[in-house]
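User: I have a new structure open and would like to talk through it before setting anything up. Could you walk me through it?

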Amino acid sequence: MITQLQITHVRNLAQISLTLADCNVFVGRNGSGKTSLLEAVFLLSRGKTFRHHEPKRYISHHQKSCTVWAMTGSDMLAVQKNLDERQLATTVLKLNGQTVTTQSPLTYALPVLPIDPSGMTVLEEGSHARRQMLDWLTFHVKQEFYGEWLAYQRLLKQRNLLLKSPRVRERAGEVRAWDNQLAYHADKLHQCRQAVFERWQVCFDEMMGRLLPHYQGDIYLSYQAGFDDKTGLLSILASRLGSDMELGYTRVGAHRADVMVMLKQSGDGGHIKSQAVDVLSRGEKKLLITALRLSQLQVMCAYQQIQPVVLVDDIDAELDVGAMNVLLGTLLSLPCQLMITSLQDETAEMVAQKLSALHESRTFKKFHVKQGDITPDECST
Ligand SMILES: Nc1ncnc2c1ncn2[C@@H]1O[C@H](COP(=O)(O)OP(=O)(O)O)[C@@H](O)[C@H]1O
Ligand SMILES: [Mg+2]
């Protein structure tokens, strides 16, 4: 968890330095900088934000760079985004004083999970966003996953390059040379994903019972490996070689894995299956996304060393009282750090009360956010 946090020039946050507690609630008006604060923490962990991907959008106007720095129980992390004259961005990442060249060590050192009830895109945008949900979880709980993923991506890139080459038909043997290794790593990825998926599914079902009981059992998660794992990718690649050469890329494999949220509806003509997102109302989708995120968190927290930072933006604007109680009840019962924002003072009080009712030794802090300035509330600390 984050103990110290410093932010410079992220949106309207010019210079912020905070000491955080286990459970933190940030109260401020619209436009005060609440989402920007959560965005900065997310940026440090993932290298991008959940609003706009382009650094020139989130670096404060008239500034050339922004930084986010944090101290956790065991690590010191920093990200700096710099703009050059052409508004193109470069990134400097540091972990414990050492420059690192990829984001993954920071993601690993600081797991951050946003609970974004209105983030429908994860359900609506297609398989990439859905696969990322499973892969993020697998990355954190299965040590071997990332290495396998890197190896697979490298091989896939090589194979696709060959498939695009003009005289690919004469080079079929070269294409085939990648297949053994590709199939080997695909299988490893599938094993990791499947093991994590099975735990996720159980937690998801239980969470649905609390948030959308009306649909429990009818809404379920469905995982696809991206290839028929019984046949095995090696023989699939061999049999599909002709069509892959025509397409110019590898159509089937672990890179096409997917997790779908399905809805089973019974009618006169038997069962109909569809993607839940195509049927549910907006309010129901918010609860579904909350169930997805909370179940991800439960899976993660089951692994002792992992203490994710959970970001909940505008908690009371997004959810009704019942759902908020389930959300807070679950969050406060898990070993994670909370950063919650709200427009209302009462929300901070409610969280504090819920926490003290649990008689836990977890610390609580309330902050006021005002025009890009964040100050701790004197009474709450
Ligand atoms: N690149 C930027 N530089 C400076 N200010 C920005 C930038 N992008 C957005 N803002 C401003 O930051 C303020 C805070 O936004 P936000 O964090 O979304 O507020 P809140 O979540 O508290 O409603 C807004 O007034 C917005 O206009
Ligand atoms: Mg906001």
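Analyst: What follows is a conversation about this predicted model, taken topic by topic.

User: Let's start with the domains, then: which residues go to domain 1 and which to domain 2?

Analyst: The domain assignment gives domain 1 as 1–111 + 307–381, and domain 2 as 120–304. The C-alpha centres of domain 1 and domain 2 lie 29 Å apart, and the contact draws on 19 residues from domain 1 and 17 residues from domain 2.

User: How much area do domain 1 and domain 2 bury between them?

Analyst: Between them they bury about 1,600 Å², with 71% of that on carbon and sulfur atoms. On the side of domain 1, Tyr108, Val326 and Thr330 supply 29% of the area buried against domain 2, which is more than any other three residues.

User: And Leu334, where is that, and what does it touch?

Analyst: Leu334 sits in the loop between helix H11 (321–333) and strand S13 (337–342). Not counting residues up to four places away in sequence, Leu334 touches Leu297, Gln298, Cys301 and Arg362.

User: Is Leu334 buried or exposed?

Analyst: Leu334 is buried, because its relative accessible area is 13% and the cut-off for buried is under 20%. As for its distance from Ile16, which is 318 residues away along the chain, the two C-alpha atoms are separated by 28 Å.

User: Switching to aromatics: how many aromatic pairs are there?

Analyst: The count comes to six aromatic pairs. One of them is Phe42 with Phe50, where the ring centres are 5.3 Å apart and the planes stand at 65°, so this pair is edge-to-face.

User: Why edge-to-face for Phe42 and Phe50?

Analyst: The planes of Phe42 and Phe50 are at 65°, and the class follows because planes over 60 degrees apart count as edge-to-face.

User: What about Tyr146 and Trp149, how are they arranged?

Analyst: Tyr146 and Trp149 form a stacked pair, 6.3 Å from centre to centre and with 10° between the planes. Both residues lie in helix H6 (residues 145–164), three residues apart, which is about one turn of the helix. Tyr146 counts as partly exposed at 25% relative accessibility, and Trp149 counts as partly exposed at 30%.

User: Which residues do ring pairs link into a cluster with Tyr146 and Trp149?

Analyst: Ring pairs link Tyr146 and Trp149 with Tyr108 and Phe139 into a cluster.

User: New topic: which residues does the UniProt "binding site" annotation cover?

Analyst: According to the UniProt record, which is an unreviewed entry, the annotation "binding site" covers Gly28, Arg29, Asn30, Gly31, Ser32, Gly33, Lys34 and Thr35. From this set, the lining of the largest pocket takes in Thr35.

User: Where is Thr35, and what is it in contact with?

Analyst: Thr35 has its place in helix H1 (residues 34–46), and Thr35 is buried with a relative accessible area of 17%. Leaving aside neighbours within four places in sequence, Thr35 is in contact with Phe50, Arg51 and Asp313. The Phe50 in that list is the partner of Phe42 in the edge-to-face pair.

User: And Gly28, which strand is it in, and what does it contact?

Analyst: Gly28 is found in strand S3 (residues 23–28), where Gly28 counts as buried at 8% relative accessibility. With neighbours within four places in sequence left aside, Gly28 is in contact with Lys34, Ser342, Leu343 and Val369. Lys34 also belongs to the annotated set in the UniProt record.

User: Last one, backbone: what is phi like for His9 and Asp314?

Analyst: Phi of His9 is near 55°, a positive value in a residue other than glycine, and phi of Asp314 is near 50°, again a positive value in a residue other than glycine. His9 lies in strand S1 (residues 2–10), whereas Asp314 lies in the loop between strand S12 (309–312) and helix H10 (315–318).

User: Where do His9 and Asp314 stand on relative accessible area?

Analyst: His9 is partly exposed, with a relative accessible area of 22%, and Asp314 is partly exposed, with a relative accessible area of 22%.

Methods:
Residues numbered from 1 in each chain as written. Chains lettered and ligands numbered in written order. Predicted model: local features only at pLDDT ≥ 70, side-chain atom pairs only at ≥ 80, totals over all residues. Heavy atoms only, no water. Phe/Tyr/Trp six-rings, centres within 6.5 Å; stacked < 30°, edge-to-face > 60°. Helix = DSSP H or I, 4+ residues; strand = E, 2+ residues; numbered from the N terminus. Buried < 20%, exposed > 50% of the residue type's maximum accessible area, 1.4 Å probe, protein only. UniProt positions renumbered as here; feature names shortened; annotations may be inferred. 1 Å grid on protein atoms, 1.4 Å probe; cavity = no way out; pocket = protein on both sides within 12 Å on 5 of 7 lines; lining within 4 Å. Contact = heavy atoms within 4.5 Å. Domains from an automatic or database assignment. Buried area = accessible area lost by both parts, 1.4 Å probe.
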